[in-house]
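Open your viewer and get ready to select as we go.

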Amino acid sequence: MISTASYFWMIPLLPLFAAGLSAVLPRTARRASAALAIGSMGLAFVLSVSAFIGTLAGHGSEHGARSVVNFDWFHLGTGVVRLGVLLDPLAAVMLVMVSFVGLLIFIFSVGYMEHDANGGRFFCFLSLFAAAMLGLTISNSLILLFACWEGMGVASYLLIGFWFHKPAAAAAAKKAFVVTRIGDIGLFLGLLWLYGEAGSLLLFDAGRGCLEPGALALVTTTKVGSSLTAAAGIGLLLFVGAVGKSGQLPLHVWLPDAMEGPTPVSALIHAATMVAAGVFLVARVFPLMAGGDGVTVGSGTSGVLQVIAWVGASTAVFAALIAVGQNDIKRILAYSTVSQLGYMFLGLATGGVAVGMFHLITHAFFKALLFLGSGSVIHGCHEEQDIRRMGGLRRWMPVTFAAYAVGMMALAGVPLVFSGFWSKDEILHSAWLWEPSRWPFVMGVLGAFLTAFYMTRQVAEVFFGEYRGATGRVAHAAADKGHRQKSHHPVQAAHGDGVHESPWVMTGPLILLGVFAVLLGVIGTPAWPWFEAYLGGHEAVFDLGRLSHAAPVMIVSAVVVAAGMGLGWMLYGKRPRTSPESPDVLEPVLGGFHRALARRLYVDELYDVTVVAGHRLLSRLANWMDLLFIGGVVVLVGWVSNAAAYVMRWADELFVNAGFDAGCGTVGWLGRRVSKLQGGRARGYLAGMALGVVALGAWVLWGMNVG
Amino acid sequence: MVVNYAQLAWLASAEVLLVITALAVLAVDLKLRSSATPERRRSVALGLGATGCALGIVWLLVAAPDGSAPGGMLVSDALTRLVKVILLALTVGTLGLSGRSTFTPHVGEYVAVILLGGVGMMLIAGTENVLMMFLALELASLSLYILAGFAKRDPRSMEAALKYFLFGGMAAAFLLFGLSFVYGVSGSIEFRGMGAGLAGQKMIPLLLVGLVMVLVGLGFKVAAVPFHFWAPDAYEGAPTPVAAFIAAGSKVAAFFLVAKLSLLAFAQVGGSAAWGAFVPGWTPLVAVVAAASMLVGNFAALAQRNVKRLLAYSAVAHAGYALVGVVGAGSGSVATVTFYAATYAVTALGAFGVVGVVEAVAGGSDFSHFAGLSRRSPGLALAFGILVLSLAGIPPLVGFFAKFYVFLGALTPVGGQGPMALLWLVGLGIATTCVSFYYYLRLLKVVFVEDPPADSRTISPGVGEWAVVVVTTVLVVLVGCAPALFLGPLQAALASVGLGR
């Protein structure tokens, strides 16, 4: 292993440092914050690549590619809580992906957030997020992983609500936080249970870790009740956490709303990295999920994996269906993300770690590309997000169009050239071979058809036809995004004149991402499954013969994609809509079902009348009880207020009686004293004390390390 | 844990007596409120309170309840009884200084809160359990916050109370947090159990941070740097008898607690404060705080033009000297620290008594109000001179012997530590003492040399004030000349509980 690889533990600390530093920079220091964020991310990327190369060097030998550093966190009584970091192929590949995509998105943000007064804060939050995500990636302790998991949650909350004066953004941030918290409870319970069973939350610890044979044998043989093993219970609870974070059914509702955040945030957090953390978690603890058999393809028969497969497949279809009925460019992509995350879970459950992770990596690139492309479109159209008010943009935004088309074809899975085809094909292939049922395969195919369809629809609406956005655009933009600087291009009534291509800081990352969206497919074709071999720790063998085994599924998937894209083009591309108000072509055909799709199949409404209403009822009840009990206290408070009023009158009379001069003097003096007090003296005292504590603590801790 | 309530009541009988007295004072004052004159109400309340305290002293000396409640919640032995007697005596002194307290018409409540504060301090002295210790500290502190703001018509008093309260609240939070850490490491909430639990414990960051936080809470109570910020404002703003109570009673209780906690609980994680050979732990932390207190207290006092503020900084400096006793002397530290704190408390009580008298007549406590005191009230000036010289540490007054005893303790070889290990701290103490001469003597110059203001009246203290000033002055001279008068009983008590040298 080369020497720089051993510094991989520094990777998350770099953006953390940048976040801390830009937090104390003045709000106006936007450039400094951006430079810090991009610099730290660039350095993190370099370190990640060197770590990745390090794992390549240790490739092939038994556990040779895994390096673990554990350390004591604190002692409590006789127990020790330990944390650790871990570098193995799974972590390395995530490190490279997160830091590279993150770096590109950071650069893109420089252009996108150019007009925002709080840009410095934005980069601070982005860095914080990157630190948490990278930390999660290399955690060797589930506690550390959980801490980073929550750190991402906080950063996500802060960034969704970045434009917090928009009520929708504030509500979306809260919703994301609360809904993912439901999953987090499951995850935390799972962690506690695992700790109780295995006695350690370190993943690898020289034979004592909870993913190593000893502990695995223990948890897979311990029974809870008659049939459920502890491993299954723990696995299900951990999966609940993953469901929350990765927006799977039934906790997917927060993810589309999270699109209220700035578009780079949607690209980084809600498409490429954070939402994939649930997939990563399942991949990380896969031996536990699989019931202890280790990472072997085709072992998808454990109860937990069956659950995961069904949830993933249902989400893939369900979200793809909703995406068909959406008109907001980002919401379509959001539902597409939910759907693709479903594919990843399906891949994990039916085909093992490599299948799910391969789609995670390719998806990260092309979905980040699509989101950034949509950001470029939104930026160019003066904050317009409704695809009905776009059209014909390919003429004014050629680079964005080209990049977006690449992303769209990768997502749709256009055969042979694009990475999305290979990774999705792997999933469909393993779903086909899955023993318990063929239905997940059917659902996957249906989802692939829908994906091709809605992406074609979106591209046709946005980039083809005539521009439809001039009327009422200014008012809309001003009302919707009043906080951002008003459009700096004079908006003219002439069609599309205000639309412009984005600057190179935005198109540059698009092009780079586009290149990778194409090239990445090479590492995971059935003929040369390098990715799987790399994760599995063995050598990849080139064998064209395997292509023929995979051919039937590949042909099915190609036909389905062609059908989806063809139907989409027929309905939306050949006869483009003429005005924003004209109904969708599917409306007459599907009728009520289309309305239901547009309303996201009423899931939010369902939660409103069940969970939220129940909660409200409960809080009303609590409030009522409170009033009842507190009633007496309220009377008492009233009495005390009366007494205080009496005292004040008495004091008043005293001051008045003491004479005008004395009164004035006292009041003036009191004012000076109070103003001193308010001016921070008491605060200064407390700060002095706090400083004393910090100094003493630092001194004695320093002494400990020296002595 | 079986709780025997009869035993608890027996162990806490002196405290119970004081609480009953406080309730009686409230009841009697309520009865008298409409019928009696303010003066009569005041003398009745103060007399009743003082009687209760006196009964408590007699009870402790005669009945001598002995034993300890489960978990070290309440400990009553010769040592705690001695400290409680001192605390009760200081409470009586505080009541004695309140004879002319015209700052409040609610004299019954005032006396009752003083008594409750006294109960809190006695409980601080009489427990070896950190939970009880925290509760007792809170009882004492809350009483003192209320007392500091008792002059409701005086905005300075309100401000003092608010600052004291804000600071105290934060310090209490630190203390509780720190104790929870130490509990986490040691697994016990009893002083001795903590000591046993910490024996052989590796010095880990959690424990060190816990110790620092505990030091914040205790450093606040003893007004040690950098947790002293509240002191000058509180001393200046609070009614003078209350300031005396804060300076005297609460200091004795807190220092006794610090010494006991250091010896029983933290001895095993003491580390070393020896120059050039620091070992992280409790004593180097205390040593740093002590050194900072001596420096800041003495130098800040140089700049003061108000006697109460000057006494506040002087108190900060004295806290530093007393903490030197905690750092050094090993098992002898309880003796040196208790001796230092008790004698300082007596001296400060007397000095505040004089300040209170001057303030009541001259209308303030600036240096100018003290000008020519020797000509306006020779007896008072003489007593003040003796008390201030004792604070400065001039032989043969008790302040000298107390410092000497502390420094001697610090230079005594303890457990593998050479006699010169703490020379840096002692040297600093002696050097800052020299600094302190300057401001103490300048104060005396104002009193004895400067001319009184032209329109000044003669100053004549009331009976209670005279009694307090005279008794404290006599004690300062007497114990200074014959330290064994106090040191004898103290060491006997220490020996009887196994904490002697």
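Colour the two chains first: 34 residues of chain B are in contact with 25 residues of chain A, contact meaning heavy atoms within 4.5 Å. This is a predicted model, where local features need pLDDT of at least 70 and side-chain atom pairs count only at pLDDT 80 or more, while totals for chains, interfaces and linings use all residues. Residues are numbered from 1 along each chain as its sequence is written, chains are lettered from A and ligands numbered from 1 in the order in which they are written, and side-chain values use heavy atoms, leaving out hydrogens and water.

Keep both chains selected. Together they bury about 2800 Å², 83% of it on carbon and sulfur atoms; buried area is the accessible area (1.4 Å probe) that two parts lose on being put together, summed over both.

The largest share, 12 residues, comes from α7(B).

Now jump to helix α20 (residues 463-481) of chain B, which supplies four residues, the largest share of a nonpolar patch. To see the whole patch, select B:W466, B:V470, B:V474, B:L478 and B:L485, with about 430 Å² of accessible area together. Such patches join nonpolar side chains (Val, Leu, Ile, Met, Phe, Trp, Tyr) within 5 Å, from residues with over 30% relative accessible area and no salt bridge (a side-chain nitrogen of Lys or Arg within 4 Å of a carboxyl oxygen of Asp or Glu). Accessible areas come from the Shrake-Rupley method with a 1.4 Å probe, and for residues only the protein chains shown count as cover.

Finish by zooming in on B:W466, in helix α20 of chain B. Why does B:W466 count as partly exposed? Because its relative accessibility is 33%, between the limits for buried (under 20%) and exposed (over 50%).

Key
Patches are made of residues with over 30% relative accessible area and no salt bridge: like charges are joined within 9 Å, nonpolar side chains (Val, Leu, Ile, Met, Phe, Trp, Tyr) within 5 Å. Helices (H or I, at least four residues) and strands (E, at least two) are DSSP runs, numbered from the N terminus. Buried means under 20% relative accessible area, exposed over 50%, partly exposed in between (1.4 Å probe, protein chains only).
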